[in-house]
Amino acid sequence: MSDVHSKEIARTEADPIADPGVESHLPRPTDVDPAAERRAERQVAMLFGLSAVFTVLCCVSYFVFAVGDNPDTIGGLGASNVAIGGFLGLALLFIGIGAIQWARKLMGDHEMIEMRHPSVSSDEDRDEALAAFDAGVTESGIGRRPLIRNSLIGAMAALGLPAVIFLRDLGPLPGNKLAHTVWKKNMRVVQDVTGVPIRPSDMQIGQLVNTEPGVFYKDGPDGEPLYHGTELLQAKTKAATILVRMHPDDITPSRGRADWGVDGILCFSKICTHVGCPISLWEQQTHHLLCPCHQSTFDLADNGKVIFGPAARPLPQLPIMVDSAGYLAAQSDFTEPVGPSYWERG
Amino acid sequence: MKTPFTSNGTKAAVAPKPNRVGAAAAWADERLGLATMAKKQIRKVFPDHWSFMLGEIALWSFVVLLLTGTFLTLWFRPSMGETVYNGSYDQLRGLEMSEAYASTLDISFDVRAGLLMRQMHHWSAMLFIAAMLVHLMRVYFTGAFRKPRELNWVIGSLLLLLGTLEGFTGYSLPDDLLSGTGIRAADGFMKSMPVVGTYMSFFLFGGEFPGDSIIPRLYTVHVLLIPGVLLALIAAHMLLLVYHKHTQWPGPGRTNDNVVGYPMLPVYAAKAGGFFFIVFGVTALMGAFLSINPVWRYGSYNPSEVTAGSQPDWYMGWPDGALRIMPGWETHLFGFTLSWNVFLPIIVLPGLMFTILLMLPFVESWITGDKRNHHLLQRPRNAPTRTALMVALMTFYGLMWAAGGNDLIAITFQLSINQITHFMRAAVFLGPVIAFIVTRRWCISLQRKDQDDLLHGYETGVIMRDPLGGYTERHLPLPTAAAYTLTARDRDEIRQLDPSTDEHGVAAKGTGKARLQARLSRWWYGHNVQKPTVAELEEAHHHVEEEDAHDAPLVGHAADGHQFDGRHDVVEGDDLAHHRD
């Protein structure tokens, strides 16, 4: 089919059914019946009036209902919250409904036709704009004086540097901070929250205890805790651990890890190697530990190996021993970085 | 008293001042010259359709966000400094926590209307993003993104992206256990980025996670940076809407060159203004009766604690789902680690999806070669491939989103989380393909139905039995307005390669690009049903007239069936059999 031919068809066939034009206006009841019109008018005014009433009730509620000691009244939502919010919502809704009722019933409803204008400028305007632009560019001489142009571009580009450099003090360089935790030889494995040290006999087979390094519960020479505030959170982010006791026969330690536990008691990092959530769902029978965030599952009887989910690395294990006083303590720091992977991790 | 003189010797030209409003308007116009613009805009015509209201929900939700958010800033302290909580909430009193969390508790329990404003703020944030998404689908499905509105599509996409980021920064601010876990995961996301990841994490957090800087920094981003850009983009979005004038559905008198509807003043001022109060009011009722993000139940952030079922807000759910179903791939090369298991689903995939979204209008016009201005909307069925493409994207989104709740699905339906995850790994690839094929065929079937109605009339539900015992259903022609509306669409033009030959009679080969475009446009349009030609309509009319002539004697004779069973007399007087010929 040639181009000309197809255009010919398009012209004659564009509207196989002729446009009947905009439908004629049908009057609404409020247009022809004065009673209906007055009724609509009363409805709108009543809606606006009710809105004002609810606004007053909303303000009264603000003073009548106390907050603080009754957060759980009315379905756990708080009486103050329900009253203020409920009345405010109704006050707002009735303004909206009233305005729309007004528009639908009483305002003119004759459809109007407006012609569109093309988005594009007229050819004259475009030519004039181009001519003006050319005149301006020519007068500036930026085309004829590349020295000025290039040095200006260079100067502007250089200004980007301070914009980047000034952000340098946002934070310190990573260094190898992510590779170490506060764990070190002889540091006791203590219970989370209470800080109580743990003897091997305290642990039963199948039990999981949330643990932390003992240093979190030590006071410094000034009598203040050694770690507190931001420092504590930062240290905890890497050093949080879990202690589990399994039947020694179930455990299959990889090479070099045979002496990392005490009678089936093993200590693992609590921080998921996926994106760093604390792992806490323990399946006693299968020795599986499941991360609640993205469901990575680790087999603690098999060196923390990933057996399901998006994590790529086994859960780091902390080598532990019994110290001279009979409590569980670390043999050393973790032998690898804990938590999510990062570029320099190796 | 002397008459004051002006340069031309007559009295100063002063506009009549009929009333105070007029006086104020005159005062302003003398300084701003507003009348020139206002004369066109005050009675500007907008077309009416319920689906044009979806974007409005987003707009008004944003206003509610600004109002309630400003209220919250009056009490919220964006600080990670440690403090001891001494407020009204028993279970946490006396505990150490950050100022951010403590002030969030104060807003919830000790500031009157504070909890209401918090909940309204959170609900309207969800409404804002949900409304933007639905509005986006409306614009895509109806072809409203086509020339000249492609740039407004781009602006709208940016608004969706920024709105999502604004939501994330917002729900991270209370520094409770749930939001802290979200920031912890975000730290893991950043660290997965090759080369710069660790540095970005240390710079953003001001050191090692969690540091003491992230809350104040997110606060600045949340209340200043992103809202500023959002406001500017919303203004541009609305200005372009006014400049292009709104699209309209085809129908009698509605053409590509006009807008048929109601004037801005008074109808849309009342309707849109009233709708603001409705959105505001519904949000207030939600804040009053629907609890959201009860941070006091989660406790303050502690990097060694987490709650089961930890999930982000729903609009962050789909990348979270991608993160959950991604296999645990990691590469170690030259002493460096590349975590594909995090980098691909959470950094690359959202970027890729956003780029696809942004490019949709340009991809379509590149394929179809359509450079015309379009102001008339299309029904989704009349653009089967486009509709199918969006449904495929929606299916991908929905499956990813469901994967983001795989733990909850497992618990609710007593299923194996492992099986759900394995299923989702395949479904996110297969589902969109199936959805595409089904949707496209579905659209084409609907087009055929329209074509049937046009050519043979609509089904009346009146069953005719002719004297031979055959049954037919009576069809009646569509009303003219409905028939016109169905035909008020362009015929699709599949790109043709130039068939001309050169002087040696060898057919000129199109360039590779032209050939690809021709093939793609055939794929895009090839199966569509085109509206009937005049000849087809005439032939169909002729056919309908014949049928009518055949049916005419039968019309109005209700028959109960007993007339023809041979055991009853024909009661109704008519011997229906004589109409056989």
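The legends below describe close-up views of a predicted model. Local features are given only at pLDDT of at least 70 and side-chain atom pairs only at pLDDT 80 or more, while totals for chains, interfaces and linings use all residues. Residues are numbered from 1 along each chain as its sequence is written, and chains are lettered from A in the order in which they are written.

**View 1. The side of chain B that touches chain A.** In this interface 101 residues of chain B are in contact with 87 residues of chain A, contact meaning that C-beta atoms, placed from the backbone, lie within 7 Å. Helix α10 (residues 264-289) of chain B supplies the largest share of that side, 16 residues; helices here are DSSP runs (H or I) of at least four residues and strands are runs (E) of at least two, numbered from the N terminus.

**View 2. A strand pair between the chains.** Strand β1 (residues 112-115) of chain A and strand β4 (residues 258-263) of chain B run antiparallel and are joined by four bridges, where pairing requires at least two DSSP bridges. Within this pair, A:Met112 stands opposite B:Gly261.

**View 3. Helices α6 and α13 of chain B.** The axes of α6 (residues 150-172) and α13 (residues 340-368) of chain B come within 9 Å and cross at roughly 165 degrees, the axes being lines fitted to C-alpha atoms over the stretch in contact, with angles from 0 to 180 degrees between N-to-C directions. The two helices are therefore roughly antiparallel, a term used for angles over 145 degrees. Residues making the contact include B:Trp153 and B:Leu161 of α6(B) and B:Phe354 and B:Phe362 of α13(B).

Terms used
Two residues are in contact if their C-beta atoms, placed from the backbone, lie within 7 Å. Angles under 35 degrees count as roughly parallel, over 145 as roughly antiparallel, 65 to 115 as roughly perpendicular and the rest as oblique.
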